[in-house]
Amino acid sequence: MTISSVLADPAAPRRRWAALLLVLATLALYLPGLASLPPMDRDEPRFAQASKQMLETGDFVDIRYQDEARNKKPVGIYWLQAGAVSLGQALGVADARRTIWLYRLPSLFGAILAVLGAYWVGLAVTTRRAAFLGALLFAATVILTVESHLAKTDAVLCATVVWAMGALLRIYLGSRDRGAPAVAPWLPAVFWTAIGLGILVKGPITPMVPAFTVVALVLRDRSGRWLCALRPGLGLAWVLLLVLPWLGLILVRTHGAFLADSVGHDMLGKVGGAQESHGAPPGTYLLAFWATAWPMAPFAALAAPGAWRRRGEPAVFFLLAWIVPTWLLFEIVTTKLPHYVMPTYPAVAILAALVLEAPGALRAPGKPGRVGAVVLAILFGLLPLGLAVVLAFGHGFLWDALSPGALVLGLLATVAAAALAGTAWVQVRRGAFAPAAMAAVGAAFVVNLFVLGFLLTPAASPLLAVSRHTALAGREATPAECAGMTYASVGDHEPSLVFLTGTSLQLTDAAGAARFLQGGDCRGAFVEARTEAAFRAALGDLAGVHLASRVAGTAINGGKHLDIGIYVRQRSQP
């Protein structure tokens, strides 16, 4: 059985084979680096630490990061992460609560579900081959690959959006076909369940995307009667049943502060200002698209004129209504992060595949001219070029010295990715969409395998794993008689250090760390070199304190070089 036979045969079993191929492809794309990458500051370890504290306290209502209330996002992702870690503990995973890949499993499965959802969307509007290729291009995008490796909300959020939109699409297209059978009851159930789960994961984003799409469709058709097929009364009741139990408990627990913080500060704050220095002007997402959506982005550019010409078709208009309003909103919002527009990427991928799969959609060789061919070559070669730049300039940030073997491996990966990207460009020039898409995805696989599976791991880039090395040095420095030793940290307050060391880690200044050690035996301090003199001065001649070891590295967030001394106070002798 070949891939082409699976995609060409209209029988239902072949659809399942195509879905299985997509699952295998996503695993090949996402598994490299999932377990070996260190916790990536700052958001990922904050989510993981809050989930870990749920397991430590048994409180699955309140969301906390150490002693701080974390009222930014709803509880859904924390429950999923806590469940994954509990399963890991049950299966005997060592030190499961500090094992970051367990917390990443919901994101991995969320990304896979998002890809399968994109394929399901494609089956409603185009051929199986085009649906498969569109979903595959979406799977290979840089942004979804990155989010599948991070213990955050966004891969799971994307899955809820795609499945809600897939159900909405089928209901909408069915309403336009007078000969179609009545809407299957499971379609509204899929839609409203996805909405409810999406609210539990990230609040209003999941319902926002279909809401914008519905407004555009109703304005275009001048009718919204088809919305009755969604069974909105029962659907809204089901959403409330999913969301209200936890929401009521957290509002009582926080005396209403959760809504004030999550809606008033977090969500509306991003609209009116640049939170955490992430502000950027309108147009930023369009510029970032060529990197974050690679290798899908060149195909989207090729498909854009055809999509515009076919905008009158119901399926094409639906996909445009999915993309454009949400994209414009996030371009207007002041705070910008690359993953905000990711819920539109499945629609971009399927729209590109729908357009480019049509006979004659890709122009004949020699067109669109020399300038267009050069631009297209640059777009296809963007990530291999980026990999070459990292290899050339990563010294001092990722590694002190890259071994000759690693350098050779990196050069081979760069050449292979460039060759596959070049093949994609050649196939596009020949008018062959499917071979071009497969070659582009192959280039993405090579880049992922090298960058995520090797280059960014602690073995190849030890400077990025400073929190892991610091926490490990602290455990190794713990005297035998000091089980359960606690630490303070000065100059390194990254959440990854809290996650890997323990919830009790005190984040303080030099004087505070000195007071912490003076407060009792079996205590330690991680002291960054810039604060070491002040720490020693405040500590004085305290007996039993010694410098056990040092750790050097680079803070993932900000790139600051860190040189950390591990100070330990042993138990006093009687």
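Trainee: Which residues do ring pairs link into a cluster?

Mentor: F289, W290, W327 and Y345. Keep in mind that this is a predicted model.

Trainee: How many aromatic pairs does the count come to?

Mentor: The count is 18 aromatic pairs. F191 and W192 form one of the pairs, an edge-to-face one.

Trainee: What makes F191 and W192 edge-to-face?

Mentor: Check two values. The centres are 4.9 Å apart, and a pair needs them within 6.5 Å. The planes are at 85°, and over 60 degrees counts as edge-to-face. F191 and W192 are both buried, too.

Trainee: Why is the pair of F299 and F433 called edge-to-face?

Mentor: The ring centres of F299 and F433 lie 5.7 Å apart with the planes at 75°, so the pair is edge-to-face; the angle only has to be over 60 degrees. This pair also links distant parts of the chain, 134 residues apart: F299 is in helix α14 and F433 is in helix α20.

Trainee: Why does F299 count as buried?

Mentor: Buried means under 20% relative accessible area. F299 has 0% relative accessibility, so the label is buried. F433 is at 4%, so F433 counts as buried as well.

Trainee: And why does A377 count as partly exposed?

Mentor: The label covers what falls between 20% and 50%. A377 has 35% relative accessibility, so partly exposed is the label. A377 is in helix α17, which spans residues 370–380.

Trainee: How far apart are A377 and P298 in sequence and in space?

Mentor: They are 79 residues apart in sequence, while their C-alpha atoms are 9.0 Å apart.

Trainee: What makes you say that the charged end of R70 sits over the ring of F47?

Mentor: The distance to the ring centre is 4.7 Å, and the cut-off is within 6 Å, along with an angle within 35 degrees of the ring normal. R220 lies over the face of F317, also with 4.7 Å to the ring centre.

Trainee: Which residues make the nonpolar surface patch of about 290 Å²?

Mentor: W17, L20 and L24 make that patch. W17 is in helix α2, residues 12–30.

Trainee: Why does W17 count as partly exposed?

Mentor: W17 has 42% relative accessibility, so W17 counts as partly exposed; exposed would need over 50%. A patch residue needs over 30%, and W17 is at 42%.

Note on methods:
Residues numbered from 1 in each chain as written. Predicted model: local features only at pLDDT ≥ 70, side-chain atom pairs only at ≥ 80, totals over all residues. Heavy atoms only, no water. Helix = DSSP H or I, 4+ residues; strand = E, 2+ residues; numbered from the N terminus. Buried < 20%, exposed > 50% of the residue type's maximum accessible area, 1.4 Å probe, protein only. Phe/Tyr/Trp six-rings, centres within 6.5 Å; stacked < 30°, edge-to-face > 60°. Patch = residues over 30% accessible without salt bridge, like charges linked within 9 Å, V, L, I, M, F, W, Y side chains within 5 Å. Areas by Shrake-Rupley, 256 points an atom, 1.4 Å probe, with all protein chains shown as cover. Salt bridge = Lys/Arg side-chain N within 4 Å of Asp/Glu carboxyl O.
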